[in-house]
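Please look over the sequence and the structure below, and keep them in view while reading the short report that follows.

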Amino acid sequence: MPIPTTRAILADLVGFDTTSRDSNLPLVAHVEAFLGRYGVESRRVYDETGAKANLWATIGPKDVPGLILSGHTDTVPVDGQDWASDPFGLEERDGRLYGRGSCDMKGFLAAALAAVPSMVAADLARPIHLAFSYDEEVGCVGVKRLLEVLQDEPVKPAFCIVGEPTLMQVVIGHKAKRSIRVTVRGRTCHSSLAPQGVNAVDYAALLIVRMREIARRLAEAGAVDAAYDVPYTTAHTGVVNGGTALNIVPDLCRLDCEFRVMPGEDADALVDELQAYARELEAEMQDVAPEAGIEVDVFAGFPGLETAPEADVTVLAKRLAESNGHSKVAYGTEAGRFHAMLGVPTAIVGPGSIEQAHKADEYIEIAQLDACDRFMQRLVDWARQG
């Protein structure tokens, strides 16, 4: 049968709307069928609802440590974005391929799948594993269920490459993240009687100021690593909702905030610090209204990644990418989970630029896909030689 190109496979993958809020099962079924045509078995690891699944497949021997190619199938929404073309129809313009997920990160998935015929024909001495996940865009949560299953496998993979867009450069570190939703419940009353109520917005504002103080402290006296574009831990409040009218003391306010934490600093300790301050404020609130309170919920998060420049996976990734350099990034990936949960040394290498991710008219350069194809062929050669 004719060998499909990376571009053709990418067009198929972009055609599936796999926004994180929706099911990815149609895409998973498509990939299963593709792998099946080459005699490659795969298995699903579902979420708790059965509406989404990770996909795991192995090409080559199962009793030898090999390498994982990891990527997520979900994308961010296109809602409210002004696209010049159909976001779910791959379109070429000026050496670029436009479509939602073309860069983040279906381009990498397409290159991995396009290499499957070569993998199958190569009689590999080491296996190459494909790990395609769901719900990466909402906190790298979907891959956790896959990793829980893989923890029980008798042979642990030797290495993992996560194909997030890095312009095919080797990335060996990223920050940890904790996403926090704070719910402040006060007591409402007419604003002319404000001291008789507990203003939830006021107390939420105090928590926001505390986040800002923590951010300033970490920037001035926290861990520093110049390899990052933002070389220190950050704290940030992104969403605030509270109040109904000016003449009503609000009894409810919610805010979403986050910590992006440098390796070597304790992300959970920062959450604990915010929680402790919330308890101080809560005691003050309850002096007026015993029913008042503050809930601090860590609704998402992932570990950081810190792979040594001299680690075997770093050396291998540079060889496959034909690159001598390495860097670290502020954004998060599933790489930290592979290392933390599975103990597999991990690096990040993938086609496209993170600058194009999540935007209207997201694109990947055809030259980047070509470079990723060459990466995959060198990987097949490495796995064949053992």
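## The second largest pocket

The second largest pocket has a volume of about 290 Å³, a value computed, like the others here, from a predicted model. Its lining is made up of 17 residues, and Arg43, Trp56, Thr58, Lys62 and Glu153 are those that lie nearest the centre.

Two strands, β1 (42-46) and β2 (53-59), each supply at least two residues of this lining, and β2 gives the most, with three residues. Sorted by class, the lining of the second largest pocket holds nine nonpolar, four polar and four charged residues.

## The largest pocket

In the largest pocket there is about 590 Å³ of space, and 28 residues line it, with Glu137, Lys177, Arg260, Gly332 and His358 lying nearest its centre. The strands β9 (176-185), β11 (234-242), β13 (252-261) and β14 (293-302) each supply at least two lining residues, while the largest share, four residues, comes from β13. By class, this lining has 11 nonpolar, eight polar and nine charged residues.

## Two buried residues

Thr346 lies in strand β17 (residues 346-348) and counts as buried because its relative accessibility is 0%. A polar atom of the Thr346 side chain lies 2.7 Å from the backbone oxygen of Val344. Beyond residues up to four places away in sequence, Thr346 touches several others, among them Cys160, Leu305 and Phe338.

Ala122, found in the loop between α4 (116-121) and β6 (128-133), also counts as buried, because its relative accessibility is 11%. Although Ala122 and Val380 are 258 residues apart in sequence, their C-alpha atoms are 7.3 Å apart in space; leaving aside neighbours within four places in sequence, Ala122 is in contact with Val380 and Arg384.

How values were computed: Residues are numbered from 1 along each chain as its sequence is written. This is a predicted model: local features need pLDDT of at least 70, side-chain atom pairs count only at pLDDT 80 or more; totals for chains, interfaces and linings use all residues. Side-chain values use heavy atoms; hydrogens and water are left out. Buried means under 20% relative accessible area, exposed over 50%, partly exposed in between (1.4 Å probe, protein chains only). A polar contact is a pair of N or O atoms within 3.5 Å; within protein, one must be able to donate a hydrogen and the other to accept it, and residues adjacent in sequence count only if both atoms are side-chain atoms. Contact means heavy atoms within 4.5 Å. On a 1 Å grid over the protein atoms alone, a cavity is a set of points where a 1.4 Å probe fits but cannot get out, and a pocket is an open set with protein on both sides within 12 Å along at least five of seven lines; lining residues have an atom within 4 Å of a point. Grid points are joined across faces, edges and corners, and a volume is the space filled by probe spheres set on the points. Ala, Val, Leu, Ile, Met, Phe, Trp, Tyr, Cys and Pro count as nonpolar, Asp, Glu, Lys and Arg as charged, and the others, Gly among them, as polar.
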